[in-house]
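Biologist: I would like to learn how to read the features of this model. Please take them one by one.

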Amino acid sequence: MSRKLLKFLIKFDNENLVYFPGQFIRGRVLVELEEETTVMAKIEDGDVRGAIRLLASKDQLAQSSQEIIDSLQLKHPPSPDDLALPAAPDESIQPCQVTEPEVAASIASFDTGSSAGLDGLRPAHLKDLTNRSTGEAGVRLISALTALVNLVLSGDVPASARDAFFGGALTALRKPGGGVRPIAVGNTYRRLATKVALKPISAELGDLLRPVQLGYGTTGGCEAAAHATRRFNDELGEGSAIIKIDMRNAFNSIRRDHFLHQVRERVPSLFHLLWQAYSAPTPLFYETATITSATGLQQGDPCGPAVFALAIDQVARGVTAPFNCWYLDDGTIGGQVSTICSDLQKLIPAMASIGLSINARKCEIILPDGSADEEAMQAVRRIHELIPGAAVLGASEQTILGAPITEAAAETVMEEKQGGDPIPLSAGIHSFPFQLGLPLGVPSTFLGKHGWVQYFCRAAIKEESGLVHKNQQVFIVMSPIDLNLEPPALAEPFHCEVEHKLGMSCISSGPVLCRLKLDRGGFVPGESIGIWATINNRSKVTIKRTTASLTETIHYLSKNKVVNTEVRELCRVSRGKVRPADSDDWKNEQLVVPPLPPSNLRGCHLIAIQYNVMFTVKPDSLEKEVKLQLPITLASYPYRNADGTLKKKRGAHYPNTLPMMRTPSVGAADTKTAA
C-alpha cells in the first residue's frame with residue numbers, strides 16, 4: 001500500500017537562521033507519512049487510470065480546518081461591482097440539442113470511478129443502469145436521460161432546483177509549493193449534459209484557438225507546446241528572452257460577464273446552458289461550510305477549459321512577440337526583450353480588465369545561453385519593472401509544462417526521476433538529521449534593487465511512483481568582519497571640516513564654517529554613531545536646517561565596471577535654523593545603526609556596499625547645500641577589551657540574532673567531509 005505525504009519540513013537547530021562563514025549548519029528534515037487508501041479504492045472500483053493519476057499527482061488532500069475554509073473562500077472572490085452580463089438567451093439563439101446515441105456514448109466515456117455530486121449519484125451508476133444487460137429498461141432510461149439533457153441544454157432547469165443542480169461538492173487539495181487548489185464536483189446530470197454538448201464542437205474550437213492556445217481541442221497540445229518552446233529556445237539570440245507567465249487563481253477569477261459575452265458571440269449553442277449556470281452565484285459545499293461561487297469558472301466543470309481558453313483568446317492574440325504559446329492559463333512569450341516588455345505593458349491591464357492578474361512569484365525568465373552579465377542583468381531589470389520577482393532559470397532548470405527544453409534540464413529531470421537507491425519509509429513521522437559546513441569567504445546575505453545574494457538549504461523526497469517533492473528553507477549569512485582586526489584608525493575619532501562661501505563669486509555674502517566629528521569610524525548594528533558638529537554662520541543668509549544621515553551606497557558591477565548605483569538613506573537626525581552671525585553646536589547627537597550587511601560585501605565581486613555619514617547644511621535661499629561626507633565601516637563583531645569582554649557602547653542594543661563573539665571555524669577537511 002502506498003503512503004501519503006502529510007508533512008515535509010526543514011528545521012534548523014538555530015532558530016534565528018543566522019550563520020557565519022565557517023560555521024556548521026545543523027538541522028533535520030521531518031517527514032510524516034500515512035497509509036494511502038484512496039489509490040486502493042480506485043483499484044477496487046476498476047479505475048486504473050484514476051489510480052495512476054493519484055500516484056502521479058503532487059497535490060495532497062487537505063485536512064479540514066478553519067484555515068482551509070478561509071483559503072477556499074479567498075479562492076472564490078465576490079462578483080465585481082461593475083458586472084455587465086449579456087442579455088438572457090432568447091429565441092434567436094438556438095440551444096444545442098442531442099440524440100439518444102450521443103447521450104449513450106457520453107455516459108460510456110465517463111472515467112470509471114468518477115466522483116458523485118451532492119446527490120451521491122456517480123457516473124458509474126448510470127453506466128450500470130444503461131448497459132446492454134439491462135435490456136428494455138436501459139433503453140427507456142437512455143430516452144429519459146436524453147430528454148433531461150436537452151432540457152438542461154435549453155436552460156430550462158427550474159429555478160427552485162438551480163442551486164442544487166449547478167452547485168457542487170468542494171474538495172480542497174494542498175499544492176506542493178503551498179496553497180490550496182479547490183475542485184468542485186458537480187451534479188452528474190449537469191456533467192453529462194456538458195460532455196455531450198462539447199463533443200461535436202471540440203474540434204471546431206481547437207481550430208478556432210490554434211496556433212496560440214493549445215490547452216483545449218488540440219491532441220497532444222502539451223507536447224506541442226514543449227517542442228515549440230524547445231525549438232525557439234535553441235535559436236534564442238542576443239537581446240532576446242523567453243518569459244513564462246502564470247496567472248493567479250485564474251479559473252476562479254475570470255469575469256463571468258466577459259466569458260458569457262464570448263460564448264454568446266462565438267459558441268452560441270452553449271449559451272443557454274452556461275447562462276443558467278453562471279448568471280448568478282451558486283453554492284459550493286465543503287464539509288459543514290458553504291462557499292459562494294460568484295465569479296469565475298468552477299474548477300471541475302467539464303466546460304471550464306474550453307470556456308477559459310475562449311475567454312482569454314483575444315487577449316492572448318494581442319501579443320506581438322514572434323513566439324506566443326498558451327496552455328490554458330500558462331503563457332509563454334519569446335522574442336526581443338523590448339518587444340516582450342511592450343507586450344507585457346498591454347497584456348497586464350488587458351488581463352486585469354477580464355479579472356485576471358499575473359502571479360509574479362511564479363513567472364520565470366529564460367535568457368540566451370552565454371549572455372554577458374551586463375546584458376543579462378539589463379534584460380532582467382527591464383522585465384522586473386513589469387513583473388517584479390520573476391525568477392531567472394539556469395540551463396538545468398528550464399522546463400515548460402514539466403518538460404525539459406535543454407539538455408541540462410533533461411539530465412536534471414532524469415536524475416530526479418531515477419535518483420539513487422531508494423530508502424523505503426513506513427507510515428509515521430521520520431526525522432533525518434543533517435550537518436553542512438558553510439565555506440569560508442562567502443559573502444553576506446544581501447537583497448538590493450538590482451542584485452542579491454541569497455542562501456537556502458534544499459531537501460527532496462521521492463515517492464514510490466518516482467515523483468519528487470522538494471522543499472527549501474532560506475537562511476542568512478553574515479560575513480565575519482571583526483572591528484578588532486581592522487586598521488586601528490577606525491577606533492579613533494573621524495574629523496572633517498569645510499568653509500563655504502554663500503552667494504555668487506563676485507558678490508559673496510560671507511562664509512559658513514562647518515566642522516564634523518564622529519566618535520570613531522567602525523561600528524556594528526545596534527550601536528549608535530556619536531556626532532559632534534559646529535556650524536558657524538558668518539554669512540548674511542539664514543541656515544534653514546542641518547541634517548546628519550546614515551546612507552548606504554550600493555554599486556553593481558560587471559567586468560569591473562559600475563553598471564548601476566543605488567543610494568538609500570537609512571536614518572537621520574536634524575536641527576533647526578542658524579541665523580546670520582550665529583552658530584550651532586551638535587554634542588553627541590546619536591544615529592542608531594539598523595541591522596545591515598557589513599561594508600563592501602566581501603567575497604562578492606559583483607556588488608559593493610559603502611556606508612557614509614552625510615552632514616548637510618541647507619541655506620534658506622537658492623544656494624546649494626553644503627555637504628560633508630565621512631565614510632564608516634560596518635562590521636559583524638564589535639570592539640572588545642583586552643580581557644576579551646565586550647566593549648559595549650552606552651545605549652547600544654545589539655540584535656539578538658547576531659553572535660557578538662567568533663565561534664570556532666570549520667577546518668578545510670571538515671568542510672569537505674560535511675559537503
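Biologist: Where is the place of Pro211?

Modeller: First, a caution: this is a predicted model. Pro211 sits in the loop that runs between helix H9 (202-209) and helix H10 (221-234). The peptide bond leading from Arg210 into Pro211 is cis, and its omega is near 5°.

Biologist: Now to packed helices. What describes a pair of them?

Modeller: Two numbers do: the angle between the two axes and the distance that separates the axes. Take H12 (256-266) and H13 (271-278). Their axes are 10 Å apart and the packing angle is about 165°. Since an angle over 145 degrees counts as roughly antiparallel, H12 and H13 are roughly antiparallel to each other. The crossing in which H12 passes H13 is left-handed.

Biologist: Which residues in H12 and H13 meet?

Modeller: From H12 there are Arg256, Phe259, Leu260, Val263 and Arg264, and from H13 there are Phe271, Leu274, Trp275 and Tyr278. Sorted by class, this contact has seven nonpolar residues, two charged and no polar.

Biologist: At what angle do helix H5 and helix H6 cross?

Modeller: Roughly 130°, for H5 (residues 123-130) and H6 (residues 136-153), whose axes come within 8 Å. H5 and H6 are therefore oblique to each other. On the H5 side the contact consists of Leu126, Leu129 and Thr130, which meet Gly138, Leu141, Ile142 and Leu145 in H6. The residues of the contact between H5 and H6 divide into five nonpolar and two polar, with no charged residue.

Biologist: How many of the eight residues in helix H14 are buried?

Modeller: Seven of them, which leaves H14 (residues 304-311) mostly covered. The buried residues are Gly304, Ala306, Val307, Phe308, Ala309, Leu310 and Ala311. Their cover includes helix H8 (188-198), H9, helix H11 (250-253), H12, H13 and helix H15 (313-317).

Biologist: Let us finish with sheets. How do the strands of a sheet pair?

Modeller: They pair through backbone hydrogen bonds, in either a parallel or an antiparallel sense. One case here is an open sheet of five strands with mixed pairing, in the order E23-E29-E28-E25-E26.

Biologist: Which strands stand at the edges?

Modeller: Strand E23 (522-523) and E26 do. Each has a single partner strand, so one side of each lacks a neighbour in the sheet.

Biologist: In which sense do strand E28 and strand E29 pair?

Modeller: E28 (residues 607-619) and E29 (residues 626-634) pair in the antiparallel sense, over seven bridges.

Conventions
Residues are numbered from 1 along each chain as its sequence is written. This is a predicted model: local features need pLDDT of at least 70, side-chain atom pairs count only at pLDDT 80 or more; totals for chains, interfaces and linings use all residues. Side-chain values use heavy atoms; hydrogens and water are left out. Helices (H or I, at least four residues) and strands (E, at least two) are DSSP runs, numbered from the N terminus. Buried means under 20% relative accessible area, exposed over 50%, partly exposed in between (1.4 Å probe, protein chains only). Contact means heavy atoms within 4.5 Å. Axes are lines fitted to C-alpha atoms, for helices over the stretch in contact, and angles run from 0 to 180 degrees between N-to-C directions. Angles under 35 degrees count as roughly parallel, over 145 as roughly antiparallel, 65 to 115 as roughly perpendicular and the rest as oblique. A crossing is left-handed if the near helix is turned anticlockwise from the far one by less than a right angle, and right-handed if clockwise. Ala, Val, Leu, Ile, Met, Phe, Trp, Tyr, Cys and Pro count as nonpolar, Asp, Glu, Lys and Arg as charged, and the others, Gly among them, as polar. Two strands pair if DSSP finds at least two bridges between them.
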